[in-house]
Amino acid sequence: MRLSTVILPHRRWADGGRQAWQRAEELGFDTAYTYDHLSWRSFRDGPWFGAIPTLTAAAAVTSGMRLGTLVTSPNFRHPVTLAKELISLDDISGGRVTLGIGAGGSGFDATALGQEAWTPRERADRFGEFVPLLDSLLSQDVVTYEGTFYSAHEVRNIPGCLQRPRLPFAVAATGPRGMELAARYGQAWVTTGDPKLFETGTPAESRAAIARQAERLDAACEAVGREGAAPRKILLTGFTPDRPLASFEAFVDFAGDYADLGFDEIVVHWPIPDSFFEADHAVFEKIATEAVAQLP
């Protein structure tokens, strides 16, 4: 089991930002991710910084911990420009970057560029072009592509990623089209659970729903001929009825349940006082340093 964290980009680098990323490495987290949004929910009217510059700064003050987005989406990204930034970040970090990538939602990012929010079908259509094109841009020196939503004309990405053939994708998906993309292109698959159960469901109902999602991923892998090398399974916590950070014992039980479902990475949010992600920091650090050793 890998234990990772998400550090939201809401603090100035000199006012706690740098220290959080360095402390995450000291605590032994496998990966430290950040959200790739222009703003997010209750943080919209407060400080919020860009994901790629934040990860670049984090790469400069850490040495071994992996770094990544959780997740990037097409809402305000284009594959051509994103690929160039990711190749640069992968180089600066010494090959430590994972791209978490999803179809996007209907939040603030969806209309920030002045467009109407895309329908779920259009988000899926765009995602279906976005991921394969980004795969090509990150793994080939020269790419030309003409699609319905995205184009690339003799785009050069030399020397490419340090990680070969490209940096890994962690594809967030629950629907059939997204699952197929995860099966074809993902080195990992990400879920936050079933949002319908967040407020009204039970932990047992949530686990059952996530188990069904994992089964659909396995079926998608079989359909594309990948059952022997399926993507790793990542659970981003904080969006299920569980309270895994309530105590050390609660987390060990929670992580053990998901290890039994085949998940090999649990991601917890770095505590933020007076917010949706409030948690006891002493408990959080104990979980970071001791919990994985308690798992079977």
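The largest nonpolar core of this predicted model has 66 residues, and those with the most contacts inside it are Phe-29, Leu-134, Leu-138, Phe-169, Phe-251 and Ile-266. A nonpolar core is a set of buried Ala, Val, Leu, Ile, Met, Phe, Trp, Tyr and Cys residues joined through side-chain atoms within 4.5 Å, where buried means under 20% relative accessible area (1.4 Å probe, protein chains only). Helix α4 (residues 120-139) gives the largest share of this core, seven residues. Apart from it lies another core, of 17 residues, including Val-6, Trp-40, Val-267 and Ile-272.

Helices (H or I, at least four residues) and strands (E, at least two) are DSSP runs, numbered from the N terminus. Residues are numbered from 1 along each chain as its sequence is written. In the predicted model, local features need pLDDT of at least 70, side-chain atom pairs count only at pLDDT 80 or more, totals for chains, interfaces and linings use all residues, and side-chain values use heavy atoms, without hydrogens and water.

Strands of a sheet pair through backbone hydrogen bonds, either parallel or antiparallel. Here, eight strands close into a barrel in the order β1-β2-β3-β4-β7-β8-β9-β10, with parallel pairing; two strands pair if DSSP finds at least two bridges between them. Strands β2 (residues 31-34) and β3 (residues 66-72), for example, pair over four bridges, and Ala-32 has Leu-67 as its bridge partner in β3.

Helix α6 (residues 203-223) packs on the sheet, touching β8 (188-191) and β9 (232-236), with contact meaning heavy atoms within 4.5 Å.

Notes. Buried < 20%, exposed > 50% of the residue type's maximum accessible area, 1.4 Å probe, protein only. Axes fitted to C-alpha atoms, helices over the stretch in contact; angles between N-to-C directions.
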